[in-house]
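Here are my notes on the model you sent. They are set out as numbered points, to be read with the structure open.

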Amino acid sequence: MNDHSVYLYAIGDAALADSDALAYSTGVEAGPLRTIVEGPLAAVVASVDRNQFSEQSLHAHLEDLEWVEKLARTHHEVVDRIAQNHSIAPVRMATVYLTDDGIRELLQSRCSELAATLDRVRGRSEWGVKGYAAPVDEASTPERDASSSDTPGTSYLMRRRAQRDRSAHRRERLATVAEKLHEEFAALAVDSRVYPPQDPRLTGRRDEMVLNAAYLVDEAGAALLARLVDAAPEELQLELTGPWAPYSFTNLEAT
Amino acid sequence: MTLATTRTDDVALVDLLDRLLAGGVVITGDLTISLADVELVHISLRALISSVDKLIEQ
């Protein structure tokens with residue numbers, strides 16, 4: 001196995017070893033999934049080509065968005081399938097060990113922390129809420145009357161400035177609305193995490209993103225969250241995504 | 001409200017990258033994406049954005 005490294009997807013209970021979810025998924029680079037069990041914990045892994053996943057090669061691959069997307073989607077597919085039936089702590093994308101023994105050692109040395117993380121997400125799932133400032137209907141915004149003393153150029157500039165002020169003001173107001181809503185959502189969640197707004201060119205939406213957050217909720221919490229999102233004011237267009245495996249709530253700082 | 005699924009290929013790549021690059025258990029494996037690597041992905045994303053912008057301009 002010297003030409004292989006071990007790609008680590010997620011950590012769960014030892015019972016994962018008997019899970020059907022593993023049989024139907026193929027890992028990164030089509031390696032079959034398997035588990036490494038140590039005490040009460042199991043790691044979901046797949047063998048990967050050592051050259052493909054060397055430090056140097058990984059660094060180069062990360063500049064290739066097509067490769068990053070393929071890795072991200074494969075990683076997600078594996079994690080998501082298992083998360084449908086098991087409590088798991090997904091591991092950061094592209095965490096690779098040289099041998100199974102490295103992973104065994106990890107499961108041993110950080111057993112209590114990992115078990116606590118698993119307990120925290122057990123029976124809960126992650127939901128994402130993104131909020132966009134709904135586009136303003138330009139036709140409905142009042143045109144400023146050009147006074148007779150204005151030259152056409154001045155009046156155009158004045159109109160433009162007024163328009164800019166209005167949209168800045170609106171953005172500020174909607175950001176405040178989004179912040180209040182986030183507090184409401186967070187109150188019914190076990191935990192929440194706010195991400196930076198996504199670039200409009202990546203979301204494919206021109207509307208500005210004013211909220212990008214994740215919430216860890218149980219089943220009842222998820223239903224309440226959906227209801228709150230549904231009841232939010234229309235000028236703030238909310239998008240609910242989920243259930244996600246608890247990616248945002250399994251942070252375990254490196255030692 | 002719109003409800004987007006997280007199953008299959010419908011997941012937006014941006015949503016995935018939010019989570020996969022900033023979330024998950026961070027373990028110092030023998031090989032791990034470091035902060036510098038995450039920055040690298042962001043640089044690639046920015047490059048993608050600017051090439052998309054150029055396409056639109058044309």
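**Notes on the predicted model**

1. Chain B has 58 residues, and 29% of them are buried. Please keep in mind throughout that this is a predicted model. Chain B contains 2 helices and 1 strand, and from the N terminus on its elements follow the order β-α-α.

2. Helix 1 of chain B, residues 13-22, is mostly covered, with 7 of its 10 residues buried. The buried residues are B:Asp15, B:Leu16, B:Leu17, B:Asp18, B:Arg19, B:Leu20 and B:Leu21. After helix 1 of chain B comes B:Gly24, which has a positive phi, near 80°.

3. Chain A is split into domain 1 (4-121) and domain 2 (125-249). Their C-alpha centres are 35 Å apart. The contact between them draws on 6 residues from domain 1 of chain A and 5 residues from domain 2 of chain A. On the domain 1 side, helix 2 (65-83) and strand 4 (88-97) of chain A each provide at least two residues. Helix 2 of chain A contributes the most to that side, with 3 residues. By type, the domain 1 side consists of 5 nonpolar residues, no polar ones and 1 charged.

4. An open sheet in chain A is made of 4 strands in the order 2-3-1-4, with antiparallel pairing. Which strands form its edges? They are strand 2 (33-38) and strand 4 of chain A, each of which pairs on one side only. From one strand to the next, the twist averages 25°.

5. Within chain A, strand 1 (residues 4-13) and strand 3 (residues 41-49) pair in the antiparallel sense over 9 bridges. One residue to look at is A:Ser5, whose bridge partner in strand 3 of chain A is A:Val48. Helix 4 of chain A (residues 111-121) lies across strand 1, strand 3 and strand 4 of chain A, and runs at about 135° to strand 4 of chain A.

6. The largest nonpolar core has 72 residues, and those touching the most other members are A:Val44, A:Val45 and A:Tyr215. Strand 7 of chain A supplies the largest share of this core, 8 residues.

7. Is A:Tyr215 buried or exposed? A:Tyr215 is buried, because 27 other C-beta atoms lie within 10 Å, and the cut-off for a buried residue is 20 or more. Leaving aside residues up to four places away in sequence, A:Tyr215 touches A:Glu126, A:Trp127, A:Val129, A:Phe185, A:Ala186, A:Ala189, A:Ser192 and A:Leu225. A:Ser248 is 33 residues from A:Tyr215 along the chain, and the C-alpha atoms of the two are separated by 8.3 Å.

Conventions: Residues numbered from 1 in each chain as written. Chains lettered and ligands numbered in written order. Predicted model: local features only at pLDDT ≥ 70, side-chain atom pairs only at ≥ 80, totals over all residues. Buried ≥ 20, exposed ≤ 12 C-beta atoms within 10 Å, placed from the backbone. Domains from an automatic or database assignment. Contact = placed C-beta atoms within 7 Å. Nonpolar A, V, L, I, M, F, W, Y, C, P; charged D, E, K, R; others polar. Core = buried A, V, L, I, M, F, W, Y, C linked by C-beta atoms within 7 Å. Pairing = 2+ DSSP bridges. Axes fitted to C-alpha atoms, helices over the stretch in contact; angles between N-to-C directions.
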